[in-house]
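Dear colleague,

Please find the structure below, together with its sequence. My notes on its salt bridges and helix contacts follow.

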Amino acid sequence: MKKRYGIIGVALALGLTFIGLALAPAVANRFAASEVDRALERIRRLNTAVASRGAVDYDLFRQSLVVTDIAVDSPGADGAKIQIGRVTIQRPGGREDRMVADSILLENVSVTLANETLTIPTIEVAGYEGPAQGLVSPPRVGRAARTQADMIAQVSIRSGRVPEMTSVNADLKATRTIRNVVLGPAANGVVSRATIESVGLSMRPPPGASADATNALSLGAATLEGVSLPTLMRFEAGDGQGEREIAVARAEVQGVSLRAPTASYGLVNATVGRLTLEDLALRPLAFPTQAIDQLANKARSDEPLTPAEVRQLMLMAVDSVRAVAIGRAAANDATLSFDVEGPRSASAGLVEATAVADGRVGQLRFEAFRAETTEASAAAGSGAVTDFDATGLLAYAQEVGDDKILLTSTPPAEKMMGLTPRAASAELATVEIVRNGYAVRAGKLRTGQRGDVAAALPNHISLAVEHLQAPLPPRWRVGRYLQDAGVEEINLSFAADVSLDATTQILKLEQLAYDAPGVADVRLTGSLVNVDPKVAVERGGELIEKLSEVTVEPFALKVVDHGGLAAALAYAADRVGRPPDVYREDLAQQVEQTVAEILGPSADASGRALGLFIRKGGALDVAITPKGADTRLLRVLGLIGLGPVGLAQALDLTIVTRDG
């Protein structure tokens, strides 16, 4: 009896199990449908959007959830329309408002925002954890983007893949295509590593233009590290709030190509063999990027921009510069060509910029630069610009954009000094310029500015040319005499250093140096006093007023002859048809007499010294001292302009000759 009851119990248990298995799919489907509807209701509540779905199918045995025909339509001009053909979720689970899943597959995704439509055939995600509504929450702009970015910051995945995505902008007639995006592990919205097979952008020409006016941009294989999706979303959506944050830790793109027809330069083509970007930091723009598209579309048409639109473009440009910071950007094997007035091209083995932020560049350098036209070429082995600063220009553009300054106004002098971009130093090495077969080479060209960045003008400016070399021009008559003196080519170095103390208003010529082997060495030093820094930008009466206050201090000139004096005198003698030795002696005697006549008996020694220098060369030291109590620059220049008599009234010269 007990045995029979045991058999009945087992049979009853098995029967209930089979009944449960038969009813479970229906119960699971109803539960899954209610969960999907709850998620859609949350979307309606949070985004005031219209959300709907098709069928819900849950496979209890495979633990697979399939939802078809999901649609989300957000209201307003900045609202998005999202359509998803099918969502397949393997092993879904969750707690509160978070969802986890082994994998998620989205098929036939379409997102329409304003005038742009993005289509994605498939999105594959493995190891998803994040907000349940994150899959279908519509993109927004402005303040709404903060919520979207915060939501993405809660998402983590094991991996992801998007074989292709295409975006079409109806107004710009632009198509963007991104192929084979592969995402590595992501935590809190930051992707550790991502790869992209290729990126393409094409923009059809405006109505009436030829097919050759098509713009095209393509990028080859790309690798990105440390990609912050929330930061990128906030930047593009544009609410202008917050500070810059790292958006991409590092990116490398193999092969970049640009084709852009222009009105001023003809067809422009640019290529980069490898593009590298490090520490790209972004803050949200002050405007949505779709606003740029709208103005760009109008700019491409025949309709001119209004003054208000021009100011808006200026504000966008200024804000874009200030919103972006780059630790390092480098382009290897870069080329640029255009066909205006004949083919022209430029190339560089490397172009690199570091510490780029707020209108400043810590350093901009290049290697193996070359530019060519049909008539000339220029090349440099390397070059660098350090501490480039254009913050003053940005600030002025901001004021114009804010309509605080008229578009057509000319900046006053005090403004002008702060507008000009400046650099602490600039340098070119191994320079070669060739035109019509005539080559000029220089070992190094340098210029520099030093001073407080906040100051209106730098307090030190320098310029140097090292080892400038060029063949003697064939039609240069004096060249034959230089060859007779042993000079086969032009070979010289030049340097100038000028400093201005804004407090004492002393402008000092620290050196003006000229060195030419086989010709001469020349050095000039001196200073001017009462130099208002604004004299560099004043005009009209204000310029004359400030110049009238400048006074002249003593100058010193040093000349060492290395053969150039003999060549110059031989050239002069040949022009008047006299023997060089006779001409040289007559000139020396004439100079001795003239110096004494102009400067008086006290200058006899200086006259004899100058005569001796003309006869034998060597070294010459000249002390130039302004005469009298009135040493104003304009008075001194005016007297010098009167000729020898005026020169004698303006300056006192002390000349000493010594062995070279």
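The structure holds 31 salt bridges, a salt bridge being a side-chain nitrogen of Lys or Arg within 4 Å of a carboxyl oxygen of Asp or Glu. Please note that this is a predicted model, in which local features need pLDDT of at least 70, side-chain atom pairs count only at pLDDT 80 or more, and totals for chains, interfaces and linings use all residues. Residues are numbered from 1 along each chain as its sequence is written, and side-chain values use heavy atoms, with hydrogens and water left out.

Salt bridges

A network of salt bridges links Arg250, Glu252, Glu278, Arg328, Glu352, Arg365 and Glu367. Within the pair Glu352 and Arg328, the closest N and O atoms are 2.6 Å apart. This pair links distant parts of the chain, with Glu352 in strand β17 (residues 344–357) and Arg328 in strand β16 (residues 324–338), 24 residues apart; helices (H or I, at least four residues) and strands (E, at least two) are DSSP runs numbered from the N terminus. Glu352 is buried at a relative accessible area of 9%, while Arg328 is partly exposed at 23%. Here buried means under 20% relative accessible area, exposed over 50%, and partly exposed in between (1.4 Å probe, protein chains only).

Glu367 and Arg365 also form a salt bridge, with their closest N and O atoms 2.8 Å apart. Glu367 is partly exposed at 34% relative accessibility, and Arg365 is partly exposed at 25%.

A further salt bridge joins Arg360 and Asp389 (3.8 Å, N to O). Arg360 lies in strand β18 (residues 360–372) and Asp389 in strand β19 (residues 376–389), so the pair ties together parts 29 residues apart in sequence. Asp389 is buried at 9% relative accessibility, whereas Arg360 is partly exposed at 38%.

Helix contacts

The axes of helix α10 (residues 564–576) and helix α11 (residues 580–599) come within 9 Å and cross at roughly 105°. Axes are lines fitted to C-alpha atoms, for helices over the stretch in contact, and angles run from 0 to 180 degrees between N-to-C directions. The two helices are therefore roughly perpendicular (angles under 35 degrees count as roughly parallel, over 145 as roughly antiparallel, 65 to 115 as roughly perpendicular and the rest as oblique). The contact (heavy atoms within 4.5 Å) involves Leu565, Ala566, Leu569, Ala572, Ala573 and Val576 of α10, and Pro580, Tyr583, Arg584 and Leu587 of α11.

Yours sincerely
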